[in-house]
Amino acid sequence: MRSPYTVLGVSKTAKAEDIKSAYRQLAKTWHPDQNPDDPQAGNRFAEISNAYKLLIDPNLRLEFDRGHIDARGRRRQRPARGFAANPFKAFKQAMGGATGTNAADDPGEGSDEASFEDMVVHIFGEAAASQSGRNATQDKPPGHRTKQDAPGMDEDPLDALDTLFTKWKTRHKAQSALPVTRHCVDISLEAAFEGHSGEIAFADDKTVAFTTPPGTVDGAEIQVPSPDPLTMGDAVVTIHHQKHPRFRSQGPDLHGEHAIDLAEAVLGGSFVFQGLDGPLRIEVPEWSGSDTVLRVQEKGLPTANGRRGALLVHLRVMLPQKPDPRLIDLMRSSRKALFV
């Protein structure tokens, strides 16, 4: 799990007000209500909230800085004082041939010992190899333990390993990947429903074909491999849905509108609605106002699990184009009845 300082993007010397400011900005950005189409928003928001709870509490923050608890707030298990054997010493003995023989008795042990020292030099440098050699040649009374034999007495072995591997990474940095190029492609809802094929132009007029699977949602990203990985990076294509005359998409769901007259809103009825894959009849319950949303399952965009999203039809109650005297009289009589 990442460090809470990294999650909130603050330094280890940040003050409480800086932590609060960073949390408010990130929480507003990653709140699930603000990202209904992002399945990772909930996890990201939980991580941000956990980091804030840990750093805003002075006691928990001090415990974390001292290494007594981890990023989740759980107490770390520290080795028993004075009984943590040096793991590198055991490894060196194994590399040197832990058979209980001396270099004089076994001519191969010297070469094994040299191999271990070469490995130490390769990973940690000359200083570490020299220290390892001094530790190996020291005469120690039987049963006597030193800090070199038991680094766990005063230091968490995990922290020691983190330090060693940090040195390793600084000496052996991986070659940075070539930067990706980003493209935006607009497709119709019909193309999103059925699938889409297109091309992306790279440098030197090189083009690569790509396809979007059926059910590609708005904002989805598709990675297109580079035609020449040695000179140019991959491309990332962001898919956007074009404006549609009857629908708007929200994830795999489709939203549409339909107008009904006052009588149908009061008494109920049905109407034929044109979906993406053909017409369908939708029933209107009695007493359906303009805030009514009729949900039709399995009539949205295809999903990865082989199913489909929903179609949500928002009803709009419309008055007649011309004033209806009978409707006016009915409303007036209803109003009078309310005051009797």
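Tutor: Let us begin with the pocket. On a 1 Å grid over the protein atoms alone, a pocket is an open set of points where a 1.4 Å probe fits, with protein on both sides within 12 Å along at least five of seven lines, and lining residues have an atom within 4 Å of a point. By that rule Ser3, Tyr5, Lys12, Phe64, Asp65, Gly67 and Arg76 line the second largest pocket. The model is predicted, and local features need pLDDT of at least 70, side-chain atom pairs pLDDT 80 or more, while totals for chains, interfaces and linings use all residues. Residues are numbered from 1 along each chain as its sequence is written, and side-chain values use heavy atoms, with hydrogens and water left out.

Student: What makes up the lining of the second largest pocket, by class?

Tutor: Ala, Val, Leu, Ile, Met, Phe, Trp, Tyr, Cys and Pro count as nonpolar, Asp, Glu, Lys and Arg as charged, and the others, Gly among them, as polar. The lining accordingly has two nonpolar, two polar and three charged residues.

Student: Why is the pair of Tyr23 and Tyr52 called stacked?

Tutor: Rings of Phe, Tyr and Trp (its six-membered ring) pair if their centres lie within 6.5 Å; planes under 30 degrees apart count as stacked, over 60 as edge-to-face and the rest as tilted. The count by this rule is four aromatic pairs. For Tyr23 and Tyr52 the centres are 4.1 Å apart and the planes 15° apart, hence a stacked pair. Tyr23 lies in helix 2 (residues 16–30) and Tyr52 in helix 3 (residues 41–56), so the pair ties together parts that are 29 residues apart in sequence.

Student: What makes the pair of Phe271 and Phe273 edge-to-face?

Tutor: Their ring centres are 6.5 Å apart and their planes stand at 75°, so the pair is edge-to-face. Ring pairs also link Phe247, Phe271 and Phe273 into a cluster.

Student: Why is Thr238 called buried, and why is His183 called partly exposed?

Tutor: Buried means under 20% relative accessible area, exposed over 50%, and partly exposed in between (1.4 Å probe, protein chains only). Thr238, in strand 5 (residues 235–241), has 13% and is therefore buried. His183, in strand 1 (residues 181–187), has 21%, so it is partly exposed. Contact means heavy atoms within 4.5 Å; leaving aside neighbours within four places in sequence, Thr238 is in contact with residues including His183 and Glu221. His183 and Glu221 are 38 residues apart in sequence and 9.5 Å apart in space, C-alpha to C-alpha.

Student: What is noted about the phi of Asp204, and why is Asp204 called exposed?

Tutor: Most residues other than glycine have a negative phi. The phi of Asp204 is near 60°, a positive value in a residue other than glycine. Asp204 sits in the loop between strand 2 (196–201) and strand 3 (207–212), and its relative accessible area is 64%, so it is exposed.

Terms used. Helix = DSSP H or I, 4+ residues; strand = E, 2+ residues; numbered from the N terminus.
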